[in-house]
Amino acid sequence: MLIGEVARRSGVSARMLRHYESLGLVRPSGRTGSGYREYSGEDIRRIFHIESLRSLGLSLREIGRALDDPGFTPSALVADLVRQTRARIAAETELLTRLRRIDAAEPAAWEDVLQVVAVLQALRSKSADARQRAALSSGDEVPVPVEALVEAVLREADPIVAGALRWALARSGDGGTALLAEGLGSSLADVRVRAVRSLAEMPGGEATARLRDALANPDPVVRGYAALALGTRGVAEAVPTLFDMVVEGRNDTDAADALSLLASDTATADRIAAGLVDRLAADAVVAPARVRLTQALADIPGATASDALVELSGDGDRAVALTATYLVQLRDGR
């Protein structure tokens, strides 16, 4: 079969076939009387083998080795191809993400593009100062995509930089709340905490709704931060979690403060006081927790809390009785 017919049947151009021959990949079995290359059926099978291996991303040198080296084992080469392909996909994905974020900033001129690129690079800098400056510069001056801010805040370990990023997110609107909520399901505890703390500083009803959902999170630390934030927003659903925090001694002082904020009217104050008393009476509650629950009654207004403290001043647990007596005196002196 002549080269033109081989090219037509294989889909490989005559020029490429000559290139293969120059590299020694394909050697036509013979020549016609006029000197034209003549390919056998075995030659054509080899051409198809070359094209198949090229489709896997092998170089022509690697293909020659694969076809001609009797001791060649494909496993190592295929594993290397897998590694290279994954690296290439990761690089392309990162580039696509960067381009999408630049596009989301809606740059009007190349100067705008360069500013956004500079901020995106600074957010990934090894320098905490550079990351902080990038966070503080986001906004009207340099519109940084919310997705980039969320990604940055979820990986940020420096507390000062994290605070700047949360501030930037809070100013960006509610576009980041859904992304932050996804962070609550991370397998990494630090990421979950960063997500809920960022949500706590986001304004608006959507953030409040996400924090409500976080009260059911399996991570008690996430539930705690959500409850504290909801307490400042006047959401009574946080009360049971705040009770748990007082009992367990997790940010119990902050939890007690949040309970006092929620006790803004007589009916709610009485319900909170009654709930604290119920927890005090529970058999499973240990002595230190009973003291914390007693202390939590201090800033709950109303007769229910006052009556409870008077009764607790005679409690059989001396620490509880002394704490309650002191608090009764404080309340009487107000």
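Predicted model: local features only at pLDDT ≥ 70, side-chain atom pairs only at ≥ 80, totals over all residues.
Local features required pLDDT of at least 70, side-chain atom pairs counted only at pLDDT 80 or more, and totals for chains, interfaces and linings used all residues. Residues are numbered from 1 along each chain as its sequence is written, and side-chain values use heavy atoms, without hydrogens and water.

The protein contains 19 helices and 2 strands (DSSP runs: H or I of at least four residues for helices, E of at least two for strands). Its radius of gyration is 35 Å, whereas a compact globule of 334 residues would have a value near 20 Å (C-alpha atoms; globule rule 2.2 Å times the number of residues to the power 0.38). Along the principal axes, the C-alpha atoms fill a box of roughly 120 × 50 × 30 Å.

Of the 334 residues, 38% are buried (under 20% relative accessible area, 1.4 Å probe, protein chains only).

In soluble globular proteins, nonpolar side chains tend to be buried together. Here the largest nonpolar core has 71 residues (buried Ala, Val, Leu, Ile, Met, Phe, Trp, Tyr and Cys joined through side-chain atoms within 4.5 Å). Leu242, Leu259, Ile272, Leu276, Leu297 and Ile300 touch the most other members. Leu259 touches Val239, Leu242, Phe243, Val246, Ile272, Leu276 and Ile300, not counting residues up to four places away in sequence (contact: heavy atoms within 4.5 Å). Apart from this core lies another, of 17 residues, including Ala7, Ile47, Ile50 and Leu53.

Notes:
Buried < 20%, exposed > 50% of the residue type's maximum accessible area, 1.4 Å probe, protein only.
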